[in-house]
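Morning, everyone. I have one structure to go through, and I will keep it short. Please look at the screen.

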Amino acid sequence: MAVSIGRCLAADACLLILTLTFHHSHADNIVAGASTEEAPHRRFEYKYSFKGPHLSQTDGIIPFWVHSGNAIPSADQVRITPSLRSQKGSVWTKNTVNFDHWEAEVTFRVSGRGRMGADGLAIWFTTAQGLDGPVYGAADNWNGIGIFFDSFDNDGKKNNPAVLVVGNNGKLVYDHPNDGTTQALGTCLRDFRNKPYPVRAKITYYKKTLTVLINNGFTPDKDDYEFCTKVDNMIIPQEGYFGISAATGGLADDHDVLSFLTFRLTEPGQELPAPEAEMPKEEQDKYQEEFENFQQELDKKKEDYQKEHPEVQREPIEDMYESVNDREIRQVFEGQNQIHLEIKQLHRQLAMIVDEQNRYVSVVTDEISKRQLELVGQVGSFQEMGAVFATQQEILRNLNELRNSFHESLKQIGATQHQANPVSMGTYETVQHFSEIQEHLHVVKRNIEHLITRNGSPSENQGEKCPDPPKMPSCLDTIHFLVFVVIQSVLFFSYIVYKSQQEAAAKKFF
């Protein structure tokens, strides 16, 4: 049994490696083919795009777009559906798109609390606005193309989340039970839920070829796209509406769209059509008529004003307004004045910086002089200590000499006592000898007192000994440590039991 499981795991790993190798080689081939062929020109079309930070107006309307259902526009994003059950929403362009070639870059985020989500999100290019319906919040039987980001596995084949490209000519009904796999023109498996960064999809329709690239949202790099699918020889309607929709079912996710950017693609060397050619003839006539009516009203108001103020009739009205040359000269003077003010401000700031630097230099100079004085004082103290040490050595030498002198005196006294008899001890020579010894001892005593008064007491020169620091009590004994370990173990096992119960409850719910 273990051998069979190991073989299955090895086979699955080999299959995964082959799939990744195929995708990467396919993407490299596409990039190489695109590099050999000259890239088309891209022009941003603001009337078919939206992005933050000023995505919607104060009344909640997206310029050049309409939203329906449960869609909630805000300043930074459009929440197509909130994370509630059975919600639908969509946003569509107001005007039709008549580009031969186009590219759409969509940035969105799908997030939910569960391990699985529902139902998904769809990007549309259809001949009519599918404001409401059963296909990811949009209408069924559409005429055009839909790119579906399906997050719920309806057929139970474990092939979701997935990205599908489904085309329709207005007669097909979407195959919900099989997740549209029977009608898909191209598909790839991509997990786009709960990513650290927004997911990006780049959809390109150029020369009857539809290409879908996906940025999985693992890195903040906006250009880190991977190949998803490609459909060749695909014919879509010449005109249509861009849209994006989403829906939830028994499970619910937040489907947020951060931006929808549309670009017109033109072949190299081909000139873009004039703006007048892009506008329909009816709209041109309408705007021309409005301009003529406005011009007539303005001329009438001028005549009425001249009748009411005849004194200013001869004054040319052009003198009341600033000419182009005057405006340019005024702008030059204003710019020079602004430059002069900026230079004065910089001069003041430079003066402040110089003063600050001077203050720092003075502080550093004072500190250096103090350090030098401290060093000189330390040298003087070292000299004094040397003098004290020399004096102490002299004292020790004198004491040694005194000790030797005492020793010799004691020897002489002993010798005199052995040689003298009781009769001769009262003689004049013996008395004179003891008097000399007494005078010699007085001289030694005076020398010692003189040395003591000159050098001070030895106890005063000896430095005081610092007391020993008190012994610090132990912060943790064995009993407290064992009690702490037992409490921590009990808390750890309680957390593990609680976590396993929560996971079991969550699995039971799904």
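When I say helix or strand, I mean a DSSP run, H or I of at least four residues for helices and E of at least two for strands, numbered from the N terminus. This is a predicted model, in which local features need pLDDT of at least 70, side-chain atom pairs count only at pLDDT 80 or more, and totals for chains, interfaces and linings use all residues. Residues are numbered from 1 along each chain as its sequence is written, and side-chain values use heavy atoms, with hydrogens and water left out.

The protein has 7 helices and 16 strands. Of its 510 residues, 27% are buried. Buried is under 20% relative accessible area, exposed is over 50%, and partly exposed is in between, with a 1.4 Å probe and protein chains only.

Start with helix H3, residues 281-308, which contains Asp 304. Asp 304 counts as partly exposed because its relative accessibility is 34%.

Now strand S15, residues 241-247, where Gly 243 sits. Is Gly 243 buried or exposed? Gly 243 is buried, because its relative accessible area is 0%. Which residues does it touch, beyond neighbours within four places in sequence? Gly 243 is in contact (heavy atoms within 4.5 Å) with Val 91, Trp 92, Ala 122, Ile 123, Trp 124 and Phe 260. Ile 123 is 120 residues away along the chain, yet the C-alpha atoms of Ile 123 and Gly 243 are 5.9 Å apart.

For the protein, 66% of the contacts with a separation of 6 or more join residues 24 or more positions apart.
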